[in-house]
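Please look over the complex below. My points follow in numbered form.

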Amino acid sequence: MIEAELATCVAAWYPGATGVTGAVRLSGGASQETWSFDIVHPEGNIAAILRRAPAGYGAAPTRAAGLNAEAALMQRAYDAGLPSPRVLHVLQPQDNLGTGFVMARVEGETIPRKILRDEKFALARPKLACQLGGILAGIHGLALAQLPELRRMTAAKEIAELERDYRGFDWPRPVFELALRWLRDHDPGPSDEVTLVHGDFRHGNLIIGPDGVRAVLDWELAHLGDPMEDLGWVCVNSWRFGEIDKPVGGFGTCEELFAGYEAAGRRVDPARVTFWEVMGTLRWGVMCCGMMQRFRLSPEHSIERAMIGRRSSETEIDLLRLLAPRGR
Amino acid sequence: MQDEPTPEELIKAVADFLRNELAPEISGHNAFKLRVSINALDLVMRQLALQEGSDAAEAERLSNLLGMRGPLGEINRVLADRIAKGELDLRTPGLAEHLWQTTMAKLAVDQPNYASYRRELENKRN
């Protein structure tokens with residue numbers, strides 16, 4: 001069904017394209033969809049991805065940058081030589097596909113357990129943390145004047161939003177209260193430098209091959225703010241997938257991440273990174289609670305979301321390990 | 001009083017059937033959802049086995065910490081409020097230990113294979 005609309009859409013901007021084939025829905029919730037397909041072309045098919053919000057799902061959540069901004073950011077990253085898919089087309093009303101964009105499909109792996117355990121990534125793993133540092137430095141170095149309009153965030157605003165979301169669940173969590181207090185007490189204030197922040201730089205949003213990082217995806221939570229936020233978020237224990245002694249994605253050390261970042265000419269503030277790691281841990285915990293709420297409220301009744309709700313306790317133990325470590 | 005078999009026995013029978021007989025025959029996205037479903041049943045079984053004891057211990061600790069008694073949900077809310085107001089913090093004797101024990105009891109039900117939880121259990125043992 002979607003292939004007919006995609007074929008019409010593609011014919012309008014890809015010279016020589018004769019249709020599309022192999023459209024498969026990859027993932028996404030009710031408001032956003034990701035489709036994989038091939039553009040049929042006499043000189044060889046082109047692997048593509050459609051990321052869209054179907055018509056009728058216009059209202060993005062308040063945190064979302066919006067699909068048009070995502071497309072613009074992805075293209076800016078690509079132009080700056082960062083690993084990013086090339087944007088092929090931004091959807092127009094006459095495409096009848098809702099809002100969103102079409103990008104080149106980058107082959108590789110996003111599943112953390114495979115990246116952390118499969119033999120074919122064995123040579124890439126030791127290099128990844130340093131490489132991520134370099135990529136983040138590149139993202140943070142993008143000229144603000146060339147970016148789409150984005151939310152300006154500070155630690156204080158982020159704390160307030162997390163608190164509002166948490167209180168909205170009306171389910172008391174003393175560990176979250178402790179973390180909220182800690183964050184307020186340790187807020188380092190607005191950073192001297194405001195940069196583009198990816199906002200969700202972690203496993204799942206990175207396409208990785210045996211040669212290393214091939215693409216950074218999902219700019220949905222991009223905003224302007226403290227660049228150290230991205231470094232803290234990538235260190236959150238929830239993204240280590242069991243390899244808890246390797247803070248960066250379960251494959252590397254903070255020193256490697258920082259070295260890669262500083263080699264690209266930017267400076268790390270480790271205290272701020274730790275602050276954002278605590279914030280990120282609480283943020284994922286609050287997001288897990290949000291999943292549980294969506295499970296209850298949405299007609300889909302997804303068992304997956306229900307079970308993610310039960311993962312908020314994982315962030316509670318991680319918060320305690322950060323804020324109240326037990327004597328050994 | 002309700003009759004046998006117990007909820008525990010019934011859930012275990014369903015989970016075993018799904019795991020041992022149905023799962024090998026299912027593929028694709030439904031196999032993933034089936035695995036999540038089996039995990040959910042396993043979680044329910046752990047909760048049925050552990051909740052009574054852990055709730056009682058939590059209520060006991062809370063009573064000592066707050067100097068008041070009441071239903072667990074209510075006194076847990078009081079604890080949350082007092083931490084939010086800054087009346088209790090990590091310098092309060094017993095608070096950190098209470099939060100640790102409560103959290104460990106949650107993980108024992110929610111995610112006993114979570115690496116941080118296993119590490120803390122090992123550290124306790126050594």
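1. Start with the interface: 26 residues of chain A are in contact with 30 residues of chain B. Contact means that the C-beta atoms of two residues, placed from the backbone, lie within 7 Å. The chain A side draws two or more residues each from α6 (174–186), α10 (303–309) and α11 (312–323) of chain A. Of these, α11(A) gives the most, with seven residues. Helices (H or I, at least four residues) and strands (E, at least two) are DSSP runs, numbered from the N terminus. By class, this side of chain A has eleven nonpolar, three polar and twelve charged residues. The classes: Ala, Val, Leu, Ile, Met, Phe, Trp, Tyr, Cys and Pro are nonpolar, Asp, Glu, Lys and Arg are charged, and the others, Gly among them, are polar.

2. A note on the basis. This is a predicted model, in which local features need pLDDT of at least 70 and side-chain atom pairs count only at pLDDT 80 or more, while totals for chains, interfaces and linings use all residues. Residues are numbered from 1 along each chain as its sequence is written, and chains are lettered from A and ligands numbered from 1 in the order in which they are written.

3. Chain B has five helices and zero strands. Its C-alpha trace spans about 55 × 40 × 30 Å along the principal axes. Among the chain B contacts with a separation of 6 or more, 48% join residues 24 or more positions apart.

4. Chain A splits into domain 1 (2–104) and domain 2 (112–323). These bounds come from an automatic or database domain assignment. The C-alpha centres of the two domains lie 26 Å apart. Their contact takes 16 residues from domain 1 of chain A and 18 residues from domain 2 of chain A. The domain 1 side has twelve nonpolar, one polar and three charged residues.

5. Now the sheet of chain A. Five strands form an open, antiparallel sheet in the order β1-β2-β3-β5-β4. Strands pair if DSSP finds at least two bridges between them. β1 (19–27) and β4 (87–90) of chain A are at the edges with a single partner strand each, so one side of each lacks a neighbour in the sheet. Neighbouring strands are turned by 25 degrees against each other on average, direction ignored.

6. Pairing details. β2(A) and β3(A) pair over seven bridges, with A:Ser36 opposite A:Ile49. Their hairpin has five residues between the strands, and A:Gly44 takes a positive phi near 125 degrees there. β3 and β5 of chain A pair over six bridges. Here A:Leu50 stands opposite A:Val102, and A:Arg52 has A:Gly100 as its bridge partner.

7. α2 (residues 67–79) of chain A lies across β3, β4 and β5 of chain A, at about 25 degrees to β5(A). Axes are lines fitted to C-alpha atoms, for helices over the stretch in contact, and angles run from 0 to 180 degrees between N-to-C directions.
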